[in-house]
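Thanks for coming. Please have the sequence and the model open while I talk.

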Amino acid sequence: MRTLQVKQPGGLDKLEIVEQPDLNPGRDQIIVHWHATSLNYHDYLVAIGAIPVPDGRIPMSDGAGEVIAIGENVHQFKVGDKVMSMFFPNWIEGKPSLQKTVGIMGETLDGCMAEQACLPVSAVTAIPEGYTYAEAATLPCAALTAWRGLMVEGNLQAGEKVLIEGTGGMSIFALQLAKMAGARVFATTSSAEKAERLKAMGAEAVVNYKEDERWGKTIFKLADGGVDHVLDVGGGSTMKQSIEATAIGGHIASIGILSGGRKGEITFPKLFFKHLTMSGIAVGSRVMQEAMLAAINTSDMKPVIDKSFGFDELAAAFRHQESGAHFGKIVLEW
Ligand SMILES: NC(=O)c1ccc[n+]([C@@H]2O[C@H](COP(=O)([O-])OP(=O)(O)OC[C@H]3O[C@@H](n4cnc5c(N)ncnc54)[C@H](OP(=O)(O)O)[C@@H]3O)[C@@H](O)[C@H]2O)c1
């Protein structure tokens, strides 16, 4: 079977296809033939060496595929079942802990850029009904993060106002999930063309964050007193404006550090005089993934796939992501 590995010190020219022997399942294990993966910013950081991994690590946290063998004592899945990965395969339920979250697919554990993987039976879930492998492979990181930020930590209610930032995979899922829940969606983007696409998907107002540096205040006004929920993707580069955009009593999910926002300043009185709640979010648990799947199964939501590449085109796919030209998810299928 083919695997794709990150060779040290990392870099898009250090991704190497390596043949390995086929796998056999042990007790409580399954063999999954991955057929698709999708790109997340976290995978990009692993690939370029910004998140250090051991030499030969198989990257990519997202995967969807077919169970091709089951070990002794496996009753949850049978050969032929379609399954998808979990970002934290050891976080089944309850609050996060170090033990539950130290294992990360494609970082501290081998990921899905392989034709076969041997996994504990608890490390995958079913895929939504009627989804292709490529569609299912978009969900485990980006969609679950949006789901947790809005539904689990944010307790989003119909009629509430949500701000999504940019048009990457996570933000587009957030728009779709918010609309599914009957919420009103506001958005930012750097592109006039993408603004039109956001409006066509149901965003009621879109602000260009490059043309309007004080976009937080603009969103606050457009939303008539601010939004109830923000999914912040820029950290230090967006949080100040995210706080401006939020209504009194609102919730901000801190999700990413795009545009170099590892560190930043915020105006603390705005936090407390606005009575804001802030949650740090890193994907979610198996129980959260199953709840999201149940919701998707009762909806007609399908992921927005920007472009699809082949197994040997991961570097090209990351270069497409680097360009920022994409809208929604980039996938690889094989
Ligand atoms: N914490 C978690 O569990 C978790 C999970 C998933 C993702 N994330 C994080 O969420 C962020 C987005 O991830 P992704 O995979 O969706 O990335 P992605 O698909 O690569 O998203 C890139 C998009 O983000 C937008 N963007 C860049 N800088 C921005 C800024 N300053 N303000 C607003 N939008 C900006 C751009 O949209 P436009 O082209 O429209 O301007 C860009 O196309 C990343 O920081 C990622 O690490 C975190």
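Which residue in S9 does Glu 165 stand opposite? Glu 165 stands opposite Thr 188.

Before going on, some ground rules. This is a predicted model, in which local features need pLDDT of at least 70 and side-chain atom pairs count only at pLDDT 80 or more, while totals for chains, interfaces and linings use all residues. Residues are numbered from 1 along each chain as its sequence is written, and side-chain values use heavy atoms, with hydrogens and water left out.

Now the sheet. Helices (H or I, at least four residues) and strands (E, at least two) are DSSP runs, numbered from the N terminus. Two strands pair if DSSP finds at least two bridges between them. Strand S8, residues 161-165, and strand S9, residues 184-189, run parallel and are joined by five bridges. They belong to an open sheet of six strands, in the order S10-S9-S8-S11-S12-S13, with parallel pairing. S10 (203-208) and S13 (277-280) stand at the edges with a single partner strand each, so one side of each has no neighbour in the sheet.

Helix H4 packs on this sheet and touches S8, S11, S12 and S13. Contact here means heavy atoms within 4.5 Å. Is Arg 148 buried or exposed? Arg 148 counts as buried, at 6% relative accessibility; buried means under 20% relative accessible area, exposed over 50%, and partly exposed in between, with a 1.4 Å probe and protein chains only. A polar atom of the Arg 148 side chain lies 3.0 Å from the backbone oxygen of Val 283. Leaving aside neighbours within four places in sequence, Arg 148 is in contact with residues including Trp 91, Glu 153 and Met 288.

Next, the aromatic rings. Rings of Phe, Tyr and Trp (its six-membered ring) pair if their centres lie within 6.5 Å; planes under 30 degrees apart count as stacked, over 60 as edge-to-face, and the rest as tilted. How many aromatic pairs does a search of the whole structure find? The search finds six. In one of them, the centres of Tyr 44 and Phe 318 are 5.9 Å apart and the planes are at 55 degrees, so this pair is tilted. Tyr 44 lies in helix H1 and Phe 318 in helix H11, so the pair ties together parts 274 residues apart in sequence. Phe 318 is buried, with a relative accessible area of 0%, and Tyr 44 is buried at 13%. Together with Tyr 41, these two form one aromatic cluster.

Definitions and conventions. Polar contact = N/O pair within 3.5 Å; in protein donor to acceptor, adjacent residues only side chain to side chain. Axes fitted to C-alpha atoms, helices over the stretch in contact; angles between N-to-C directions.
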